[in-house]
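Subject: Structure handover

Hello,

My notes on what was found in it follow below.

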Amino acid sequence: MLRSRLVPALVVATAGFLLVHAAISGYDHDEIVHLHSAWLIWSGERPYADFLAQHHPAAAYLLAPLAHALDGHPHALVFAARFLDLLLLAVTLLAFHRMARRLVRDPRWAAWALLLLGGSFFFLRNSIEVRPDPWMCALAAVALWQWTTYLRGGSLAAAAWAGLALGGSIMFLQKAFAFAALVALGTALWLGRDGKSWRRAARGGAVLAACAAIPVGAMAIFVYRAGFFRDFWFWNYTFNRYFYLKTHFTGPSAWAVTGVAVAENPLLWLAGFAGLAIALRRRLRVEPEIAIASLVVCGLLASLFQSRWPFSHNLLLLQPCLALLAVGPLERAVEAPRTRTAVLVVLTLLTVKVGVMSLVYTEGGRSAEVQQRLLAVTGPGDPLAVTPPYHPIFRRDAFFFWYVPQYNVVAYLACCREVGCPQGKVGRDLRAWVTAPPRFVYVPADEPSWAPYGFAEHRSDYRLEPDGALWKRRTRNEQADGPPSVTVSHPAE
């Protein structure tokens, strides 16, 4: 089986199924957030200052021309953006394969090791969803590949490429700062007390840091010159730290998120933790890829369990490193006649499972139907209060575009009271109910937290449409006394 051409066939088939999945699957909440942000940017609005954004802006700016080119066609836009992510997934897998080949005795097993990730549906699904995460993950994988190439005796050019890739990863998402710190710590622990290796690593590290500063510095200069650096810092760092570490809303469980990932591909997790145990028992005196991957896996898992909002895409950066740890233990299992066939059959079945789930798994429910309806009955100038995934992407928002208004606004006001913030966001929203109210409000019956802030006081100005979730603003003739006279309160911000 190791000598067969089954692996290339499975990889090609998986790519085909993912392409079909990208075309037929419903929209994730975050996908609409990021695509709508890209469209708002093309329309002249500024992230952080004019609408809510909690990620570095690179992905939204890169997607802005695509959002403009496909204006009015949300399904085509989602598919096109997912196709870009599919290409990024190929980069991630290529970097993983190059590292895996160094860790095996039989190069043919490195190809089979690709199926550890290719058989993980939620890793693949998160890798093609429209977020900054796939960009971050692909560049982080390249950075790890090139940095370990340097540690193994490669040239300073490898360290330079590692720095550019790592800086690019940070440019797309601030979570890559944690990855960079874990790579540095893993490198230090792998070096131990070897003075000669420390000197060489320090030279490469200096080159890496200098090259990483290029994309990060370019982003900082762009944000500063665009005039929203203070807002950028608040929403990406001050607010995110507060929201993800201090809020107490009902959210997902880290145990549940991790449990689903383990149940979906137990071979990856069991073999990965076996490799981690071996590396720790040897005090990381192992290959540099294994030493660094061990720190990345431990650090990112710890951060997942610290977060108040752990989601499956938070495992995206962890899983390629977990697969690197799994390569060695599984190769030993493949070398044993009694377990060889079982391991290879399980890997094959995992990829078959990915094909099935690509055809049946979806998200977003009837969001596409709601999007098309709103596009049909509104114009570009009609403001809406519709949260993702139901937002039609190509319409402006009446408010600051809170993703989950009841949670975001409450957290923002609490953060303002505790540490200070750029003020006026909620006050502006409350005034907008009178000066420029949304034409439609969408509140699913099972998601009351998605109701816009202040909607309860203005509900009488709207009538509920037959679908039971969409509220349409009444005309003046329908309102008994015209728009109500409202005294706008201004919460402390």
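**Cavities**

Helix H2 gives the largest share of the lining of the second largest cavity, four residues. Please keep in mind that this is a predicted model. H2 covers residues 29-42, and helix H3 covers 58-69; each of them supplies at least two residues of that lining. In total, 16 residues line the second largest cavity. Nearest its centre lie His34, Ala53, His55, His56 and Ala60. The volume of the second largest cavity is about 110 Å³. By class, its lining splits into 11 nonpolar and five polar residues, with no charged ones.

How many cavities of 30 Å³ or more does the structure hold? There are four. The lining of the largest cavity comprises 11 nonpolar residues, one polar and two charged.

**Nonpolar cores**

In soluble globular proteins, nonpolar side chains tend to be buried together. In this model, the largest nonpolar core has 93 residues. Phe96, Trp109, Leu116, Trp147 and Leu347 have the most contacts inside it. Helix H15, residues 318-335, gives the largest share of this core, 11 residues. A second, separate core has 71 residues, including Trp39, Phe243, Cys415 and Tyr442.

Leucine 116 deserves a look of its own. Setting aside residues up to four places away in sequence, leucine 116 touches Asn265, Leu267, Leu268, Ala323, Ala326, Leu330 and Leu347.

**Methionine 99**

Where does methionine 99 lie? It sits in helix H4, residues 74-102. Is methionine 99 buried or exposed? Its relative accessible area is 3%, so it counts as buried, the cut-off being under 20%. Beyond its neighbours within four places in sequence, methionine 99 is in contact with Ala141, Leu144, Trp145, Thr148, Glu289 and Leu324. The C-alpha atoms of methionine 99 and valine 142 are 9.8 Å apart. Along the chain, these two residues are separated by 43 residues.

**Helix H6**

Helix H6 spans residues 121-128 and is mostly covered. Eight of its eight residues are buried.

**Strand pairing**

Strand S4, residues 470-473, has two pairings to check. Strand S2, residues 440-442, pairs with S4 in the antiparallel sense over three bridges. Which residue in S4 is the bridge partner of valine 441? The partner is tryptophan 471.

Strand S3, residues 462-464, also pairs with S4 in the antiparallel sense, over three bridges. Here tyrosine 462 stands opposite arginine 473 in S4. S3 and S4 form a hairpin, with five residues between them. In the turn, glycine 468 has a positive phi of about 80°.

Over to you.

Note on methods:
Residues are numbered from 1 along each chain as its sequence is written. This is a predicted model: local features need pLDDT of at least 70, side-chain atom pairs count only at pLDDT 80 or more; totals for chains, interfaces and linings use all residues. Side-chain values use heavy atoms; hydrogens and water are left out. On a 1 Å grid over the protein atoms alone, a cavity is a set of points where a 1.4 Å probe fits but cannot get out, and a pocket is an open set with protein on both sides within 12 Å along at least five of seven lines; lining residues have an atom within 4 Å of a point. Grid points are joined across faces, edges and corners, and a volume is the space filled by probe spheres set on the points. Ala, Val, Leu, Ile, Met, Phe, Trp, Tyr, Cys and Pro count as nonpolar, Asp, Glu, Lys and Arg as charged, and the others, Gly among them, as polar. Two strands pair if DSSP finds at least two bridges between them. Buried means under 20% relative accessible area, exposed over 50%, partly exposed in between (1.4 Å probe, protein chains only). Contact means heavy atoms within 4.5 Å. A nonpolar core is a set of buried Ala, Val, Leu, Ile, Met, Phe, Trp, Tyr and Cys residues joined through side-chain atoms within 4.5 Å.
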